Amino acid sequence: MAQATYDRKEQLKQIESGLLEGEDIIAVYDAVGVGTGFIGLTNRRVIIQDKSFVGKKFAITSIPYAKVTSVSVVSNASWAGSFFGSSTIAINVGTHTYEVEFRGDHKAHHVHNVILFYIS
């Protein structure tokens with residue numbers, strides 16, 4: 001197993017505490033913007049900390065790769081630059097879309113590629 005990539009040690013530890021037997025962490029990235037605290041990627045699922053609940057509540061949501069219908073690069077500009085000129089991705093699960101913004105487009109690129117690998 002390769003060493004997991006992560007931004008914050010406490011987020012990594014939170015993901016580690018909920019691992020299933022045989023599950024390995026690929027990456028845990030801090031998210032910016034309203035609603036999402038972080039995203040974790042394992043060899044079995046996507047884990048999102050959702051901080052959009054009323055009353056300072058939050059949820060840790062596990063999404064098996066088999067339930068992800070698509071992953072998108074989100075941009076508010078034209079596609080004049082590179083494909084990964086954005087630091088935001090959208091993960092579609094049924095009728096719900098999770099939008100995650102990162103500090104740096106390389107993290108969005110990594111998350112996109114890992115999810116795409118496991119859903120295709």
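In this predicted model, strand β1, helix α1 and strand β2 form a β-α-β unit that is left-handed. Helix α1 covers residues 9-16. The two strands of the unit, β1 at residues 5-6 and β2 at residues 25-30, run parallel and are joined by two bridges. Within this pairing, Y6 has V28 of β2 as its bridge partner.

Strand β2 also pairs with β3, which spans residues 36-42. Here the strands run antiparallel, and five bridges connect them. Strand β2 is mostly covered, with five of its six residues buried. Buried here refers to a relative accessible area under 20%.

The strands of a sheet are held in pairs through hydrogen bonds of the backbone, in either a parallel or an antiparallel manner.

A further part of the chain contains an open sheet of three strands, arranged in the order β6-β7-β8 with antiparallel pairing. Its edges are formed by β6 (68-74) and β8 (96-101), each of which pairs on one side only. From one strand to the next, the twist averages 20 degrees. Strand β7, residues 88-93, runs antiparallel to β6 and is joined to β6 by six bridges. In this pairing V73 stands opposite I89 of β7.

Helix α2, formed by residues 105-119, packs on this sheet and touches β6 and β7. The direction of helix α2 makes about 155 degrees with that of β6.

Notes
Residues numbered from 1 in each chain as written. Predicted model: local features only at pLDDT ≥ 70, side-chain atom pairs only at ≥ 80, totals over all residues. Heavy atoms only, no water. Pairing = 2+ DSSP bridges. Helix = DSSP H or I, 4+ residues; strand = E, 2+ residues; numbered from the N terminus. Axes fitted to C-alpha atoms, helices over the stretch in contact; angles between N-to-C directions. Contact = heavy atoms within 4.5 Å. Buried < 20%, exposed > 50% of the residue type's maximum accessible area, 1.4 Å probe, protein only. Right-handed = clockwise from strand over helix to strand, strands pointing away.
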